[in-house]
Amino acid sequence: MANPEDVEQDVFTESPPVVDIEVLEAAKENIQPLASGRRVTTLSAILTTPHGQRDAQLNSARRRHRLNVEVALQDENDDPLEAYVRFVNWTLENYPQGQSAESGLLELLEEATRVLKDHRGGIWRGEPKYLKLWALYASFVEKQTMIYRFLLANDIGTSHALLYEEYASILERQGRKGDADSVFLLGVARQAQPLDHLQSKYTEFQKRMMSSIAMPPPPVPESSTRRTALGMTTSSSSGSLGRDRAASSSQGDVFGSGSTSVSNSRLQIFVDPTGSEPQEETRASYPDIGTRKSRVKENVPEVQKAAGATLKNAGRARRVVSGSTTNALGASKIVPFRDPGPGESVEEESTSALPTTKLPPKTPGKNAVVIPFRDADSQEGSVPCTPRFTPFRDEPETPSTSGGLAAPETVMKPKVASKGIPVLSEAEALRKDPLKNYSADECHLVVE
């Protein structure tokens, strides 16, 4: 009887995990694709876990991987490269968005490549896993060619074809095809493994180079849309050939959808087969349209005699109307002077004759003092019928007694160094300068 442990387990005994495809569909824009693909079960478990529990689980697993790396670096019998590879793979799977402040993937790759470079005498420089860490680190930085020059200068992964293939691919994308060809030749000369794969990549690169050279340049559109002159030919033979082509095309395309125009052909002139000269047609005589003065006579007023005409005086009518209105309203009029009678003085007569008009009260000056009105019979203790006017005065500014803090001018402010230079985060600094943590002696062969 066969042992139950040796019997292969039926695939239908265990129910497969249920994955909600709608969750993955809703978050697909925030998932960075990988060349090796992603596991659906891992993505579903990450996206369906609440944020609070997810952060706690990720932090716990991160501390566990960090502890494994530290133990592997201290133990001579352990493999720190394998510990770093597991840590990087875990970060790629559990942070679908890729490099971010939460994942810290860029800092982890820089640490792994830098720590293992000279660890235990540099025994990891020839490992393909170590070279893949460098290639993944180069995919996140701006100056990728700097990484590969550093690898060639420090003899890291020079026996693997992956180094030369990736470096040549980056140079080809930048348009430096001559440098890419040199990199391929260097890898073939060093017998990088697998050599047949490297040679096939080099052959494909050469085909692309030849096709780009053999391909004619694209036509340049004409900047000017001006029509060229008709009948422009270089010789008489080309002109006769153009006429024959035009005649044949006009006869053959009678029932066609449209006539094709032949470039550089003369304009065909009709010739009467009888040979008689054309007679001059009698031109129709145009009537006299006159001069410009006669054509604009509608705009010139007609001249008439002034005898017996009545002229209207607009100014007199206006004065009459204004005078009648003034008298109706009872306004002031001019008083004629009369000689004073016996017993009357000139001042009294002139004063009585002048009309009495009530003038408005004068506006007090800028520095005038406002005197409030008081009743004549008011006493000191009584309340006046008119309230006393109290001018408004600004109160002196007093410091606020509230204990609240003032709101900041802006929510986010960049960190500023001592000399006024903004301090970048570690990820941004590594993206701009991937070799910033290395000494100048190690990078002197890498500077462009």
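How many of the ten residues of helix H7 (residues 144-153) are buried? In this predicted model, eight of them are, and the helix is mostly covered. Helix H5 (residues 105-115) is likewise described as mostly covered, with eight of its eleven residues buried.

- The buried residues of H7 are Gln144, Thr145, Met146, Ile147, Tyr148, Arg149, Phe150 and Leu151.
- The elements covering these buried residues include H6 and helix H8 (161-173).
- Just after H7, Asp155 adopts a positive phi of about 55 degrees.

**Packing of H6 against H7**

- The axes of H6 and H7 are 9 Å apart, and the two helices pack at an angle of about 155 degrees.
- Because an angle over 145 degrees counts as roughly antiparallel, H6 is roughly antiparallel to H7.
- On the H6 side, the contact involves Leu131, Trp134, Ala135, Tyr137 and Ala138; on the H7 side, Gln144, Ile147, Tyr148, Phe150 and Leu151 take part.
- By class, the residues of this contact of H6 with H7 comprise nine nonpolar, one polar and no charged.

**Packing of H4 against H6**

- The axes of H4 and H6 come within 10 Å and cross at roughly 40 degrees.
- H4 and H6 are therefore oblique to each other.
- The crossing of H4 and H6 is left-handed.
- H4 contributes Leu81, Glu82, Val85, Val88 and Leu92 to the contact, while H6 contributes Lys129, Tyr130, Leu133 and Leu136.
- The contact of H4 with H6 contains seven nonpolar residues, no polar residues and two charged residues.

**Helix H5 and its cover**

- Within H5, the buried residues are Leu105, Leu106, Leu108, Leu109, Glu110, Glu111, Ala112 and Thr113.
- Helix H3 (51-74), helix H4 (80-94), helix H6 (128-138) and helix H15 (426-432) are among the elements that cover the buried residues of H5.

**Lys117, between H5 and H6**

- Lys117 is located in the loop between H5 and H6.
- When residues up to four places away in sequence are not counted, Lys117 touches Gly122, Arg125, Tyr130, Phe150, Asn154, Ile156, Tyr438 and Glu442.
- One of these partners, Tyr130, also belongs to the H6 side of the contact with H4, and another, Phe150, belongs to the H7 side of the contact with H6.

**Asn94, in H4**

- Asn94 lies in helix H4.
- Asn94 and Ile46 are 48 residues apart along the chain, and their C-alpha atoms are separated by 7.0 Å.
- A polar atom of the Asn94 side chain lies 2.8 Å from the backbone oxygen of Trp90.

Methods
Residues numbered from 1 in each chain as written. Predicted model: local features only at pLDDT ≥ 70, side-chain atom pairs only at ≥ 80, totals over all residues. Heavy atoms only, no water. Buried < 20%, exposed > 50% of the residue type's maximum accessible area, 1.4 Å probe, protein only. Helix = DSSP H or I, 4+ residues; strand = E, 2+ residues; numbered from the N terminus. Contact = heavy atoms within 4.5 Å. Polar contact = N/O pair within 3.5 Å; in protein donor to acceptor, adjacent residues only side chain to side chain. Axes fitted to C-alpha atoms, helices over the stretch in contact; angles between N-to-C directions. Parallel < 35°, antiparallel > 145°, perpendicular 65-115°, else oblique. Nonpolar A, V, L, I, M, F, W, Y, C, P; charged D, E, K, R; others polar. Left-handed = near helix turned anticlockwise from the far one by under 90°.
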